[in-house]
Amino acid sequence: MRNTKKRGRWPVLTGALTLVMLVAACGSDGNDDVAGSGSIGEKFDLSGATVTVGSKEFTEQLILGNLTKLALTAAGAKVDDQIGLQGSTTVRAALTSGEIDLYWEYLGTGWVTYLQKEKGIPGAKAQFEAVRDADAANGVTWLDPAPFNDTYAIAASKETAERLGVTSISDIAALVASNPADATFCVGGEFSTRPDGLPGLEKAYGFKLAPANVSNVQDALVYNQVDKGECAFGSITSTDGRVASLGLTVLTDDKQFFPPFNGSMNVRTDVLKEHPEIKEIFAPIAAELDDTTMVGLNAKVDVDGEDPADVAKDWLTEKGYIG
């Protein structure tokens, strides 16, 4: 599956980013005990295949990357671990250059960020079909998406939402016009620059934040900063377990700006042609990953402090996919 001769094809991954990949590859591989186990081991045989699994660096991606790694190991494949790469464009470059074979991506990210479409398409089915068909020319196959929709959203603490009288993003636009000093934002790094992030949100809702009112922070820090009132509003993702644990108020996207962000396994097309079993292995797993399930899995890491690899292994074991 992985062609080691391609290691030189990293035009964007140099210096520090290459180091990130090397560190990610050094993760624990103590999962050989699942090889040939569970329903996956009974139905599939990928012995002799080597598959390079990637993911981004945040909690949900680490869980999905480990789910993928464990499932392929159970099928008998040798897995090269590149879980935890830094940033969407890094992981996408790794896929299209052949450095990784597959990873979980989001419909909206594929459509707006990679295919550079100005606006998302309403409805998960329509968005999936559009990105699947358009990305085929790049040698990328999008497998049927999971039900969970990890879309961007804007949240406030319950106290802030009540004090400012906001329930929707249109209410934020009105607040910027009437009392701009109250409209402070904490946003993650990618959200601050992505067309389906803050720049597009401002354009769609017709407001412009003062630069001094926007704090660019790590995504993981946004939740607590919003909860503590350090920022009135923050960019969050809808399946993050901290939204419920902190009691944050998610504001209605009343203009439906944010596109669907259902998760879908992205596989290099030539890899899938060589091993079509990959689609069959992950179809039932994806079908079980609804919003409630994903929120719960994320909360085990971000709220309860569990390790993403352990969370993935426990879930697959509970469902009988691995033994």
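Here are some questions and answers on the aromatic rings of this predicted model.

Reader: How many aromatic pairs does the structure hold?
Author: A pair of aromatic rings is described by the distance of the centres and the angle of the planes. Rings count as a pair if their centres lie within 6.5 Å. By that rule, the number of aromatic pairs here is nine.

Reader: Take Phe191 and Phe258: what kind of aromatic pair do they form?
Author: Their ring centres sit 6.2 Å apart, and the angle between the planes is 45 degrees. Under 30 degrees would count as stacked and over 60 as edge-to-face. So 45 degrees falls into the remaining class, and the pair is tilted.

Reader: How many residues apart in sequence are the parts that this pair ties together?
Author: Phe191 is in the loop between β6 (185-187) and α9 (198-205). Phe258 is in the loop between β9 (249-250) and β10 (263-268), so the parts tied together are apart in sequence by 67 residues.

Reader: Is Phe258 buried or exposed?
Author: Buried means under 20% relative accessible area. Phe258 has 10% relative accessibility, so this residue counts as buried.

Reader: And what kind of pair do Phe257 and Phe258 make?
Author: The two ring centres are 5.1 Å apart, with the planes at 65 degrees. An angle over 60 degrees has its own class, so this pair is edge-to-face.

Reader: Which residue lies over the face of Trp111?
Author: A charge sits over a ring if, among other things, NZ of Lys is within 6 Å of the ring centre. Here the distance from the ring centre is 5.4 Å, and the residue is Lys117.

Conventions: Residues numbered from 1 in each chain as written. Predicted model: local features only at pLDDT ≥ 70, side-chain atom pairs only at ≥ 80, totals over all residues. Heavy atoms only, no water. Phe/Tyr/Trp six-rings, centres within 6.5 Å; stacked < 30°, edge-to-face > 60°. Helix = DSSP H or I, 4+ residues; strand = E, 2+ residues; numbered from the N terminus. Buried < 20%, exposed > 50% of the residue type's maximum accessible area, 1.4 Å probe, protein only. Lys NZ or Arg CZ within 6 Å of the ring centre and 35° of its normal.
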